[in-house]
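The sequence and the structure are shown below.

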Amino acid sequence: MKSKLDLRHELKQINRRGYPAYKSLRGQYDFGDFVLSIDHVQGDPFASPSNLSVVIPMKKAGFPEEYWREDYSCIALEDCLLRRFSQGLAKCSFKAKGSGKSGLVGTSRPGQEILHRSAMVIAKNTLTARLEVGFPANGRTVNSNELAKILFDLLPPAVVQSLYYRSWRRETLQKNYELSVDQHFIREELPKRKLVAFLAEGSVLPRMSGVSDRPLADAVPLSVPETLRVEMDLPYHGKTAGLGIPEGVTLIIGGGYHGKSTLLQALEQGVYNHIAGDGREYAVTEESALKLRAEDGRSVKNLDLSLFIHNLPNGKDTKRFSTADASGSTSQAAAVMEGVEMGSHTFLIDEDTSATNFLVRDEFMQKIVHGDKEPITPFCARVRDLYEKAGISTVLVAGSSGAFFHMADTVIQMDSYRPLDVKKRVDAFLPEYPLPVFEAEAFLLPQTDRAFWGSPARRDDRMKTKVMSTDGFSINHETVDLRYVEQLADSEQMAALAGMMRYVLTKVSGPVTVKRLAGMLTSLLERNGLEAFMEGYAYCGMAAPRIQEIYAMLNRYRGKCE
């Protein structure tokens, strides 16, 4: 390994040469406090910045082992370190001057969720922090004096202030650790108490705006009706009361603007842990919960939809159904069956984003359009069986149809952002409003053997990918549309999904079942980390998705699938 003096010498040697001279800097350099690795050098000052990493043995970094021994506390520590490191690098950015991206210094900038990210990784007793640097140039001529300013004057203080225990207030890291333990405790308690979610009393659920996920100032804190009140004795936070949403079928009702969708959105994002001060630190949903919605125009491949769709007038087989342009009802039926296939235990549904004819058909409509002319069995006719026979709970926001009142175990009315338990009141009215009889075939979950066809590409470096925030990504000009996969919280999760798809298309020989492929990608992520899917791009910009989002990506890929 070279020393930092070697790096300084090399920088002097290449000053004022052509920009490709920067390529000679690749390698590792001992800076004493840390090892600096120059992993990839950009082709010119206008290209994507160069990739660097800082590597420190955990013994030298000094963080107590209890903070990173367990996966959940390790991710919390990584997140905490990354936030300070990102802030430190932001102060360094563009202090060095030049053309194009010269002087840019940065790394991932996490949002409200705590995610495992490629930018900060603790593994094998080593801390690795990844960053991007725009190597300075005048035109396309190397300005190594400005790069030396970044690497020797600006970067080391940011590293020392962020990545060494001695630079932190002990209370800050201890509170971060304690929160991670408490959040993990709640997640483990949910199935023991037969709950799909727990939201602590006083939580702040409303967000600042549609473009900001920060808590809304002056929001009404969550209150808890006594009948749905659950108490947990958290390891550090102590006795904590909250709204417990039980397994089964839960209906969320209320007038417009009273907080129905706000509660559901908190449940959607409760599959992730949140940072202190977010307002949803103790709002936790079981990890497999899946938001379902209509997606007009999405592709569906070889999926058994017969539980919901059958006897199509064109005679098309709904046990192996495929379409490149699904309707709203078909797409939502597909989402349900894909959710069953991926092993989700909770479905989250908002009437506003659902296909009405998929959710329910009223008695009047059934009299006009007889069952033998309607190929759709509505979700209302299956929701009880999904819970009682398949163990899948449903939380549904309803604002117009009362049909689900007959199916609900729990009914929560949101009144000015305050939840009320109105199940007894609803039950009193049920005899006056009998449920229409649905003509539905026997409930039988399908067995699927759908295969995803993979054939390794000849040239990995020619497979181009482009990430489009949380809307999707393109790979070799094929777009994977994930706009309606609403639980994707961060564009870096999308970058990871793009890397996984690249891995599948270049490394996996098909056919492989979708279930096996999703499991393989998840195992690879757990075993080798996000590095398994980097392939030299999105270097410090990946965050781990759940298996539910991996399934969503595979199911929406329009390439060949047999």
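## Basis and conventions

Helices (H or I, at least four residues) and strands (E, at least two) are DSSP runs, numbered from the N terminus. The model is a predicted one, in which local features need pLDDT of at least 70 and side-chain atom pairs count only at pLDDT 80 or more, whereas totals for chains, interfaces and linings use all residues. Residues are numbered from 1 along each chain as its sequence is written, and side-chain values use heavy atoms, with hydrogens and water left out.

## Ile-56 in strand 4

Ile-56 belongs to strand 4, which covers residues 50–57. With a relative accessibility of 0%, Ile-56 is classed as buried; buried means under 20% relative accessible area, exposed over 50% and partly exposed in between (1.4 Å probe, protein chains only).

Contact is taken as heavy atoms within 4.5 Å. Neighbours within four places in sequence aside, Ile-56 contacts Asp-33, Phe-34, Ala-61, Thr-126, Leu-127, Val-159, Leu-163 and Tyr-164. Thr-126 is 70 residues from Ile-56 along the chain, yet their C-alpha atoms are separated by 5.8 Å.

## Helix 3 and helix 4

Val-159 and Leu-163, both among the contacts of Ile-56, also take part in the packing of helix 4 against helix 3. Helix 3 (residues 71–92) and helix 4 (residues 144–163) have axes 9 Å apart and pack at an angle of about 160°; axes are lines fitted to C-alpha atoms, for helices over the stretch in contact, and angles run from 0 to 180 degrees between N-to-C directions. Helix 3 is therefore roughly antiparallel to helix 4. Angles under 35 degrees count as roughly parallel, over 145 as roughly antiparallel, 65 to 115 as roughly perpendicular and the rest as oblique. The crossing of helix 3 and helix 4 is right-handed; a crossing is left-handed if the near helix is turned anticlockwise from the far one by less than a right angle, and right-handed if clockwise. From helix 3, Leu-81, Arg-84, Phe-85, Gly-88, Leu-89 and Cys-92 meet Leu-154, Leu-155, Ala-158, Val-159, Gln-161, Ser-162 and Leu-163 of helix 4. The residues of this contact comprise nine nonpolar, three polar and one charged. Here Ala, Val, Leu, Ile, Met, Phe, Trp, Tyr, Cys and Pro count as nonpolar, Asp, Glu, Lys and Arg as charged, and the others, Gly among them, as polar.

Helix 4 is largely enclosed by the rest of the structure, because 15 of its 20 residues are buried. At Leu-155, helix 4 bends by about 40°, and the proline Pro-156 follows within four residues. The bend at a residue is the angle between axes fitted to the seven residues ending there and the seven starting there.

## Helix 14 and its two partners

Helix 13 (residues 514–528) packs against helix 14 (residues 547–556) at an angle of about 130°, their axes lying 10 Å apart. The two helices are therefore oblique to each other, and their crossing is right-handed. Val-514, Lys-515, Leu-517, Ala-518, Leu-521 and Thr-522 of helix 13 meet Ile-547, Ile-550, Tyr-551, Met-553, Leu-554 and Asn-555 of helix 14. Nine nonpolar, two polar and one charged residue make up this contact.

Helix 7 (residues 328–342) also crosses helix 14, at roughly 130°, with the axes coming within 10 Å. This crossing is right-handed, and helix 7 and helix 14 are oblique to each other. Glu-338, Glu-341 and Met-342 of helix 7 meet Gln-548, Tyr-551, Asn-555 and Arg-556 of helix 14. The contact of helix 7 with helix 14 divides into two nonpolar, two polar and three charged residues.

Phe-347, in strand 22 (residues 346–350), is buried at 0% relative accessibility. Beyond neighbours within four places in sequence, its contacts include Leu-290, Leu-292, Val-336, Val-340, Leu-386 and Ile-392.

Glu-231, in strand 14 (residues 229–234), is partly exposed at 47% relative accessibility. Neighbours within four places in sequence aside, Glu-231 contacts Arg-193, Thr-240 and Ala-241.

## Positive phi angles

Lys-194, although not a glycine, has a positive phi of about 55°. Lys-194 lies in the loop between helix 5 (170–192) and strand 11 (195–200) and is exposed at 55% relative accessibility.

Asn-302, likewise not a glycine, has a positive phi of about 50°. Asn-302 is in strand 20 (residues 300–303) and is buried, with a relative accessible area of 14%.
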